[in-house]
Amino acid sequence: MNYEIDFFYVLKGIDQLLEGLLVTVQLTLTSVVIGVIGGFLVCLMAMSQSRLIRLPTMAFIEVFRCTPALIQIVWIFYCVPMLFNVFLDPFVMGVLALSLNLIAFNAEAYRAAIQAIPKAHLDASIALGLTPLQTNLYVVLPQAIRLGMPVLVTNAISIFQQSALVAIVAIEDLMYMGKLLSTETYRPIETFTFVALMYFAIALPVMLLSSRLEKRYKTANS
Amino acid sequence: MISSNAHSVKNAPNTALNQMGTEAFVSIRGLEKSYGPNIHVLKGLDLDMQPGDRIVVIGPSGGGKSTLLRCMMGLEEIAAGDITLGGEGYISAAPGKKGINKLNREVQKRVGMVFQHYTLFPHLTILSNLTLASVKSRGISRQEANAKAMSLLERFGLADKARAHPSQLSGGQKQRVAIARALMLSPELMLFDEVTSALDPELVNEVESVMLQLAEQKMPMMIVTHDMWFAKNIATRVVFCAGGVIVEDGTPEQVFGNPKEQRTREFLENVLHAGH
């Protein structure tokens, strides 16, 4: 094998890659905001007393957790327009697919967090005369966000990486731009290595920050 | 109310101090509680508490002591019976509708409870732990609640911890905060469920001395404890609860010094020997 590694052409296309990165970050941030809020609401629905609400919600969660994200993206991109005759901007379609996926995973994170709150706190809330709504608002929710934070961050980082899948439906994200550049330059090794490093450079600091925060919460709650 | 009074006369043998004529402060009648179909914890328990009583409930584990307190706080669904406070019924089983109790929340609010495992809310400061219920559920202004909280914390020697979080406190301090949190709501009756059981031995004293302070101020209390020395010191009445009923009921001198019932004697011999 006498392939010579040369990053020259990749670095010449850096503008293109940065444009793609911007789209990737926008896709991710929008989906994370929707996922953090939507996940909590869906979690409450999944814990509802009413079967009529609970069962369909749980079905939604399990469908999105148990099928490949790639299929979810492709399905939403090709089947939603055919089935419902709606044609949305590709970026919006991408956000829709990614945030539905994230909502399902975040709902589970919230549920686990709520279950980790000691039941004795609920007893204490009753003894203090708080109503169920007040207990949820002032005792359960703040603790659920804290306890769920590590998993919520992990899910956000994972959706950042999954977002590369939207390249397959021609959304011009980092992965898509990388693919273009590699065909233009005939330099797949350098291009994809560089693209991987760009994902890594964003995800790693977030990951480190989150484990630091987690450590701090743990000492604060022990 | 009238019918429950008639009932209390019928069950008079269970009231130790023979104050049948005066109206009981707390009256518990025919209390039954089961966990599932096979575990009957309370089997028709009757108990009257007079104003100014400080009742210590002793007895073997599984005998129903904690369950009794939890029922009085309204934390458990009861299968039968009813409980009144100051003549007003506030918890009663609704026969026919399984598992659903009639609960008067306004009367329930006059009862305070402290638990074995502090149950302070970890995301709130000590001050906010104290003021949360006052502000959110009693409509007291934040300023007023803060002032009351600070005076309670000062009284318990915890004023410097107001801005701390529960994780920064020792077990004894947490438990004193939990007592202060309950007192914030000016309860007429305080329930203490094994509040020193989870504490290291050297921290027990600081919590018990706070409770003795409350006793001096004539706060009506019902206390479940394994600390017989403390029971002797704080109780005006000692109740031996086993097998889901009150087996013996009398002054501390009577129950500890000269128990009438065989079961009480056996229990006391066991715990007092284990204690030495």
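Start with helix 5 and helix 7 of chain A, which are roughly antiparallel to each other. Keep in mind as you go that this is a predicted model.

**Stop 1: helix 5 against helix 7**

Select residues 90–116 of chain A for helix 5 and residues 132–162 of chain A for helix 7. Their axes come within 8 Å and cross at roughly 150°. Angles over 145 degrees count as roughly antiparallel, which is the reasoning behind the description of helix 5 and helix 7 of chain A you began with. Turn the view to look through the pair: helix 5 of chain A passes helix 7 of chain A in a right-handed crossing.

Now show side chains. On the helix 5 side of chain A, the residues that meet helix 7 include A:L98, A:L102, A:F105, A:A109, A:Y110 and A:I114. Facing them from helix 7 of chain A are residues including A:V140, A:I145, A:L147, A:V151, A:L152 and A:I159. What kinds of residue make up the contact of helix 5 of chain A with helix 7 of chain A? The contact divides into 16 nonpolar, 5 polar and no charged residues. To look at some others in this contact, pick A:N101 and A:N106 in helix 5, then A:G148, A:N155 and A:Q162 in helix 7.

**Stop 2: the whole of chain A**

Zoom out and colour chain A by secondary structure. The C-alpha atoms of chain A fill a box of roughly 75 × 50 × 30 Å along the principal axes. Of its 222 residues, 42% count as buried. Among contacts in chain A with a separation of 6 or more, 77% are between residues 24 or more positions apart.

**Stop 3: A:R187**

Next, select A:R187, in the loop between helix 8 (174–185) and helix 9 (188–221) of chain A. Is A:R187 buried or exposed? A:R187 counts as buried, because its relative accessibility is 18% and the cut-off for buried is under 20%. Leaving aside neighbours within four places in sequence, show what A:R187 is in contact with: A:Y3, A:E4, A:D6, A:V10 and A:S182.

**Stop 4: A:T193**

Move on to A:T193, which lies in helix 9 of chain A. At 36% relative accessibility, A:T193 counts as partly exposed.

**Stop 5: aromatic pairs**

The structure holds 6 aromatic pairs over all chains. Begin with A:F160 and A:Y199: their ring centres are 5.4 Å apart and their planes are at 65°, so the pair is edge-to-face. A:F160 sits in helix 7 of chain A and A:Y199 in helix 9 of chain A, 39 residues apart, so to speak a link between distant parts of the chain. Both A:F160 and A:Y199 are buried.

Finish in chain B with B:F240 and B:F267. Their ring centres lie 5.1 Å apart with the planes at 45°, so this pair is tilted. This pair also links distant parts of its chain: B:F240 is in strand 10 (residues 237–242) of chain B and B:F267 in helix 10 (residues 262–275) of chain B, 27 residues apart. B:F240 is buried, with a relative accessible area of 1%, and B:F267 is buried at 11%.

Definitions and conventions. Residues numbered from 1 in each chain as written. Chains lettered and ligands numbered in written order. Predicted model: local features only at pLDDT ≥ 70, side-chain atom pairs only at ≥ 80, totals over all residues. Heavy atoms only, no water. Helix = DSSP H or I, 4+ residues; strand = E, 2+ residues; numbered from the N terminus. Buried < 20%, exposed > 50% of the residue type's maximum accessible area, 1.4 Å probe, protein only. Contact = heavy atoms within 4.5 Å. Axes fitted to C-alpha atoms, helices over the stretch in contact; angles between N-to-C directions. Parallel < 35°, antiparallel > 145°, perpendicular 65-115°, else oblique. Left-handed = near helix turned anticlockwise from the far one by under 90°. Nonpolar A, V, L, I, M, F, W, Y, C, P; charged D, E, K, R; others polar. Phe/Tyr/Trp six-rings, centres within 6.5 Å; stacked < 30°, edge-to-face > 60°.
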